[in-house]
Amino acid sequence: LQASGPTEAARAIRKKLKYGNVHRQVRALVLLDGLIQNAGSGFQRGFADEPLLERLRVCGTSDLSDPAVRKKCTELFREWSQYASTPGLERIARLYKVS
């Protein structure tokens with residue numbers, strides 16, 4: 001609802017992905033997916049900053065990530081590839097090519 005909402009949401013999710021246990025990481029991914037699908041165009045244009053995208057790349061491709069987290073990332077990246085033509089979500093859609 002606030003102008004800083006997308007930025008704050010991205011920061012909170014990024015922190016859960018970096019410092020949370022496996023369960024919290026998977027829950028953060030589920031929440032992010034819910035926000036992408038339901039939060040509207042204002043959120044979609046403002047949340048996908050480079051630090052969040054980099055954290056998603058690490059979670060989805062690093063051997064240090066838990067297999068459950070990597071699997072969830074792969075599923076979501078595949079699902080998000082449909083947003084390639086949606087303004088603000090082009091970079092999220094490209095994550096599938098990286099994984």
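1. A word on terms before we start: a residue is called buried when its relative accessible area is under 20%, exposed when over 50%, and partly exposed in between (1.4 Å probe, protein chains only). By that rule, Phe43 and Phe47 are both buried. Please keep in mind that this is a predicted model, in which local features need pLDDT of at least 70 and side-chain atom pairs count only at pLDDT 80 or more, while totals for chains, interfaces and linings use all residues. Residues are numbered from 1 along each chain as its sequence is written, and side-chain values use heavy atoms, with hydrogens and water left out.

2. On the aromatic rings, there are two pairs in the structure. The ring centres of Phe43 and Phe47 lie 4.7 Å apart with planes at 5 degrees, so this pair is stacked. For Phe77 and Trp80 the centres are 6.0 Å apart and the planes at 45 degrees, so that pair is tilted. The rule here takes rings of Phe, Tyr and Trp (its six-membered ring) as paired if their centres lie within 6.5 Å; planes under 30 degrees apart count as stacked, over 60 as edge-to-face and the rest as tilted.

3. A closer look at the second pair: Phe77 and Trp80 both sit in helix α5 (residues 67–80), three residues apart, or about one turn of the helix. Both Phe77 and Trp80 are buried.

4. Now the fold. The chain has seven helices and zero strands, where helices (H or I, at least four residues) and strands (E, at least two) are DSSP runs numbered from the N terminus.

5. Gln44 may be worth a glance in your viewer. Gln44 belongs to helix α3 (residues 41–46) and is buried, with a relative accessible area of 12%. Beyond its neighbours within four places in sequence, Gln44 is in contact (heavy atoms within 4.5 Å) with Ile36, Thr86, Pro87, Gly88 and Leu89.

6. As for overall dimensions, a compact globule of 99 residues would have a radius of gyration near 13 Å, and the 12 Å of this chain agrees. That radius is taken over C-alpha atoms, and the globule rule is 2.2 Å times the number of residues to the power 0.38. Along the principal axes, the C-alpha atoms fill a box of roughly 35 × 25 × 20 Å.

7. Finally, packing across the chain. Of the 99 residues, 33% are buried. Among contacts between residues at least 6 apart in sequence, 61% join residues at least 24 apart.
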